[in-house]
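User: I'd like to learn how to read the features of a fold from its coordinates. Could you walk me through one?

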Amino acid sequence: MSFDRAIKIAPSILSADFANFGQEIEAVEAEDADWIHVDVMDGHFVPNITFGPATCAAIRPHIKTVMDVHLMIAPVDPYIEAFAEAGADVITAHVEAGPHIHRTLQAIRGAGAKAGLALNPGTQVESVDYLLDMVDLVCVMTVNPGFGGQKFIHSQVEKVRKLRAMIGDRPIHIEIDGGVTPETAPLVAEAGADVLVAGSAVFKGGSVANPAPYGENIRAIRAACS
Ligand code: DX5
Ligand code: ZN
């Protein structure tokens, strides 16, 4: 996984057909997706449940690009090894998920994955202070985590701008997660984000049998940022 700041579109399989993840992933990758975003929810840290490491391992062979695993679970530490073994390239944990995020980030890199740190909309950007040398990605949540299809929270654009300044020359991706559309994407791209997660805005109107809309949706987001 090489580092660059070019805009990358990461479809979230939260909006895909849950009975057909393998083919859905192959369809969005064939339609220009840059990364595949995998939302893991536990019904405790967030009010929704998705799936765990076994599903991640099962979909891994279908991913040719980057498997970007977003853990919305607490506790996190007991499961890091399992998600790394499932083949996650990036494992992102929430700063709000426990008292020992520093240890969690160490454990993610120790397990051989890139370390991501996610911030809920109500969390101060300064919470990444003292952690920037331990992370490969910071995810700014632009909705409250738990569900796809929510409205983009505009106050987070300023957070992205501050974060971009704090990061400076460090090779750290800024990821945006939630409510990304061709209307909101340019706001965060201009503020310094490079990885744009999009669930409903990518999968709407298409299917495995009719994947062309996936490509149109991905290219519309990308074009809006250039
Ligand atoms: C929300 C998830 C997101 C979600 C985004 O908790 O972390 O990845 O799938 O969905 P949209 O793009 O529909 O807001
Ligand atoms: Zn996510």
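**Strands and crossovers**

Analyst: Let's start in the sheet: β3 and strand β4 (residues 90-94) run parallel and are joined by three bridges. Before going on, note that this is a predicted model, where local features need pLDDT of at least 70, side-chain atom pairs count only at pLDDT 80 or more, and totals for chains, interfaces and linings use all residues. Residues are numbered from 1 along each chain as its sequence is written, chains are lettered from A and ligands numbered from 1 in the order in which they are written, and side-chain values use heavy atoms, with hydrogens and water left out.

User: What makes two strands a pair, and which residue of β4 is the bridge partner of His70?

Analyst: Strands pair if DSSP finds at least two bridges between them. The elements themselves are DSSP runs numbered from the N terminus: helices are H or I with at least four residues, strands E with at least two. Here, His70 has Thr92 as its bridge partner in β4. On the β2 side, β2 and β3 also run parallel, with six bridges, and Met41 has Met72 as its partner in β3.

User: How do I read the handedness of a crossover, and which hand does the β2, α2 and β3 unit have?

Analyst: Point the strands away from you; if the path from the first strand over the helix to the second runs clockwise, the crossover is right-handed. β2, α2 and β3 make a right-handed β-α-β unit. The crossover from β3 through helix α3 (residues 80-85) to β4 is right-handed too.

User: Is strand β3 mostly covered or mostly open?

Analyst: Buried means under 20% relative accessible area, exposed over 50%, and partly exposed in between (1.4 Å probe, protein chains only). In β3 (residues 67-72), six of its six residues are buried. Met67, Val69 and Leu71 point one way, while Asp68, His70 and Met72 point the other way.

**Helix α1**

User: Now a helix. How many residues of α1 are buried, and what do they pack against?

Analyst: The general idea: an α-helix has 3.6 residues a turn, so residues three or four places apart point the same way. In α1 (residues 21-30), seven of the ten residues are buried, including Phe21, Ile25 and Val28. The buried ones pack against β1 (8-11), β2 (36-41), α2 (53-59), α7 and α8, where contact means heavy atoms within 4.5 Å. After α1 comes Asp32, with a positive phi near 85°.

**Rings and cysteines**

User: How many aromatic pairs are there?

Analyst: Rings of Phe, Tyr and Trp (its six-membered ring) pair if their centres lie within 6.5 Å; planes under 30 degrees apart are stacked, over 60 edge-to-face, and the rest tilted. The structure holds four such pairs. One of them, Phe203 with Tyr214, is edge-to-face, at 5.0 Å centre to centre and 70° between the planes. Phe203 lies in helix α7 (residues 200-203) and Tyr214 in helix α8 (residues 212-225), so the pair ties together parts eleven residues apart in sequence. Both residues are buried. Elsewhere, Phe18, Phe21 and Phe51 form one aromatic cluster.

User: And how many disulfides are there?

Analyst: A disulfide is a pair of cysteine sulfur atoms within 2.5 Å, and the count here is zero. For Cys56, the nearest cysteine sulfur is that of Cys139, 16 Å away. Cys56 is buried, with a relative accessible area of 1%, and Cys139 is buried at 0%.
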